[in-house]
Amino acid sequence: MNFVLIAEQTLNGLQLGVMLFLLAAGLTLVFGIMNLVNLAHGALYMVGAYLTTFFYQQTGSYALAVALGLAGTLVVGVVTELVALRTLYDRDHLDQVLATFGLILFFNELIVILWGRAAIYSTIPEVLAGHVELAGGFRYPIYRLMIIVIGLAVALLLWFVVTRTRLGMLIRAGASNRAMVAALGVNIRLLYTVVFGFGAALAGLAGLLAGPIYSVQPGMGELILIQVFVVIVIGGIGSIRGALAGALIVGMVDTLGRAFLKPALATVLSPTAADTAGPAIASMLIYLLMAVVLAFRPAGLFPSAR
Amino acid sequence: MKPRTYILVVLLALLAAVPPLAAWLNQPFYLDLMRRVMIFAIAAASLNLILGYGGMVSFGHAAYLGLGAYAVGVLSHHGIDNGWLQWALAIAASALVALAIGSVSVRTSGIYFIMITLAFTQMLYYLGISIEEYGGDDGLRLKVRSQFSGLIDLNDPTAFYYLVLALLALTLLLVHRLVNSRFGLALQAARSNEARTRAIGLAPYPYRLAAFTIAGAICGLAGALLVNHTAYLTPEFMNWTRSGELMFMVILGGIATASGPLLGAAAFLLLEDLLQGWSVLPKWMTEHWQLYLGVILVLVVLYAKRGLAGLLPGKNE
């Protein structure tokens with residue numbers, strides 16, 4: 001029983017971790033290359049979840065819904081970049097934060113107009129709904145396992161793209177010296193749009209995967225976005241490796257804290273005290289972790305070269 | 001006096017004329033609305049001290065609004081209605097937490113600072129939600145407003161209004177004196193050029209941390225006022241969108257100006273009220289006022305960076 005519980009919660013932590021990574025990777029790339037603080041990244045996560053749920057209800061085909069949801073998020077992301085964010089690259093962080101905060105209000109309300117204020121119900125196909133037996137009677141939901149596999153595959157793909165391809169070379173060059181890359185004749189505007197669209201698609205992927213597990217509702221993006229901030233502050237802003245490490249650490253700490261802190265405290269404190277303190281401390285755990293990491297490594301675990 | 005100072009004095013005089021006007025028009029709602037404006041103006045003025053003059057983009061200023069409110073609400077919940085004690089705790093607790101958060105976050109700058117202040121505020125928000133004793137996410141009704149040993153009765157709307165007005169004037173004066181003192185000049189020097197400030201022998205860190213703590217303390221007082229205003233304690237005071245709104249007020253009014261926070265708070269809250277309740281517009285439009293608010297926010301940032309105070313005569317500080 002105990003082994004099963006620990007194994008299950010560890011996998012849940014891993015699942016939350018890869019989900020956070022999908023969001024953190026896009027956010028950290030956009031910051032590393034365009035020097036843009038994009039609070040509206042969470043809005044793209046929400047758009048991905050809504051579009052996929054909507055298309056699945058309309059078409060009945062999950063594969064088609066996923067494809068349309070990803071493409072739709074990509075389009076929304078690229079249009080947002082072209083219309084609003086492009087003018088913000090040369091502005092200071094204060095302007096970027098406020099303008100993208102305005103975009104959040106806009107997107108959330110737009111979703112309310114289209115789908116209403118209440119959470120909508122998101123389903124998965126029969127095939128993915130079951131459980132799979134992993135070891136010694138320990139069963140785990142196929143869907144969550146699939147999220148872990150997809151997340152790790154994306155991490156591998158990102159590593160390959162960034163370190164082994166021409167696009168990746170341009171991304172790394174852009175992150176270390178934008179002006180020089182532009183001077184060498186690279187179409188930097190196009191590169192920005194490509195990177196932003198890529199990040200948007202990853203956020204959409206996280207959103208469509210998250211839909212059936214968490215609730216699909218307006219404002220869903222911001223709750224996870226603030227956790228993503230913690231992830232990239234811990235990992236080091238601008239570093240994909242840092243985003244992966246930070247995401248897995250935060251996912252694990254948050255999940256295991258919520259599952260085991262209360263019983264652990266109950267062994268040293270009175271049950272009522274543990275009942276009160278357990279959930280309170282568990283909800284603060286990742287932020288305290290962030291404070292500790294910053295106290296020792298002010299630029300995060302994997303500081304980028306700049 | 002400089003023209004800008006005149007304008008600020010005129011604005012405060014206009015605010016002083018609101019209660020008799022509201023009574024004459026028989027519209028007590030205006031009294032309530034303007035009291036809310038002034039409370040947020042105090043909070044915005046404290047944020048302006050660090051954001052405008054200190055160059056520290058704090059995305060977590062709502063934390064102190066919440067802390068001040070919780071100090072009053074928690075003491076009241078345990079039967080302690082003494083306002084002196086409640087408000088002193090509101091200010092002290094906010095200052096202490098600001099000192100703690102500041103000591104970690106002020107070491108960093110730029111985007112790290114933004115994200116860290118946001119994250120710590122979210123932490124306090126979740127703490128507020130998870131403590132069932134004080135209402136959890138439902139919040140808690142404030143049974144009795146703060147009692148000041150018979151000196152002033154906060155249940156009297158007019159008396160409460162003038163108290164808030166007096167505290168607002170005091171806050172604006174305090175911030176004005178601070179930014180023009182040696183301390184404030186060092187703070188502004190560090191904002192405009194950190195390397196040169198270091199070169200003349202001033203380490204920015206203690207100045208920034210002190211400013212961060214003072215701003216937290218003032219905002220804690222605004223929180224104590226806010227919970228007495230709404231007579232309801234809720235973790236929503238610390239919601240991250242509240243921090244964003246406070247920043248927007250500072251920008252909208254005019255960053256690093258004396259009258260900016262008041263103008264910004266007034267413009268934001270009146271705009272919000274207008275968009276929500278404008279009877280000229282059909283209901284389906286006013287229902288989604290946040291849509292327009294978002295667009296207006298983007299447009300102000302892109303095209304009207306100097307804010308409302310930038311429209312006033314006299315030179316920008």
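**Reading the two chains**

Guide: Consider first how far along the sequence the contacts reach. Among the contacts of chain B between residues at least 6 apart in sequence, 76% join residues at least 24 apart, where a contact means that two C-beta atoms, placed from the backbone, lie within 7 Å. For chain A the corresponding share is 75%. Please note that this is a predicted model, in which local features need pLDDT of at least 70 and side-chain atom pairs count only at pLDDT 80 or more, while totals for chains, interfaces and linings use all residues. Residues are numbered from 1 along each chain as its sequence is written, and chains are lettered from A and ligands numbered from 1 in the order in which they are written.

Visitor: How many helices and strands does chain A have, and how many does chain B have?

Guide: Helices (H or I, at least four residues) and strands (E, at least two) are DSSP runs, numbered from the N terminus. Chain A has twelve helices and two strands, in the order α-α-α-α-α-β-β-α-α-α-α-α-α-α from the N terminus on. Chain B has 14 helices and two strands.

Visitor: How does the radius of gyration of chain B relate to the globule rule?

Guide: The radius is taken over C-alpha atoms, and the globule rule is 2.2 Å times the number of residues to the power 0.38. For the 317 residues of chain B the rule gives 20 Å, and the radius of gyration is 19 Å, so chain B is as compact as a globular protein of that length. The C-alpha atoms of chain B fill a box of roughly 60 × 45 × 40 Å along the principal axes.

Visitor: What percentage of the residues in chain B are buried?

Guide: A residue is buried if 20 or more other C-beta atoms lie within 10 Å of its own, exposed if 12 or fewer, and partly exposed in between, with C-beta atoms placed from the backbone. Buried residues make up 49% of chain B and 48% of chain A.

Visitor: Which residues of helix α8 of chain B are buried?

Guide: An α-helix has 3.6 residues a turn, so residues three or four places apart point the same way. In α8(B), residues 182-192, the buried ones are B:Ala186, B:Leu187, B:Ala190 and B:Arg191. These four cover an arc of only 140 degrees around the axis, which puts them on the same side of α8(B); the arc is that of the directions from the helix axis to the C-beta atoms. They pack against α3, α9 (194-199) and α10 of chain B. The face turned away from the buried side carries the exposed residues B:Arg182 and B:Ser192.

Visitor: At what angle do the axes of α3 and α10 of chain B cross?

Guide: Axes are lines fitted to C-alpha atoms, for helices over the stretch in contact, and angles run from 0 to 180 degrees between N-to-C directions. The axes of α3(B), residues 28-53, and α10(B), residues 204-230, come within 8 Å and cross at roughly 170 degrees. The two helices are therefore roughly antiparallel, a label for angles over 145 degrees. The residues that make this contact include B:Ile39 and B:Ala43 of α3(B) and B:Ala215 and B:Ile218 of α10(B). By class, the contact has 16 nonpolar, two polar and two charged residues. Here Ala, Val, Leu, Ile, Met, Phe, Trp, Tyr, Cys and Pro count as nonpolar, Asp, Glu, Lys and Arg as charged, and the others, Gly among them, as polar.

Visitor: Which element gives the largest share of the side of chain A that touches chain B?

Guide: In this interface, 36 residues of chain A are in contact with 35 residues of chain B. Two or more residues each come from α4 (93-115), α10 (220-235) and α12 (271-296) of chain A. The largest share, 16 residues, comes from α4(A). The side of chain A divides into 28 nonpolar, five polar and three charged residues.

Visitor: Where is B:Ala256 found, and is it buried or exposed?

Guide: Most residues other than glycine have a negative phi. B:Ala256, however, has a positive phi of about 55 degrees. B:Ala256 is found in the loop between α11 (240-253) and α12 (260-277) of chain B, and it is buried, with 20 other C-beta atoms within 10 Å. B:Ala231 likewise has a positive phi, near 55 degrees, but is partly exposed, with 14 such atoms within 10 Å.

Methods
Parallel < 35°, antiparallel > 145°, perpendicular 65-115°, else oblique.
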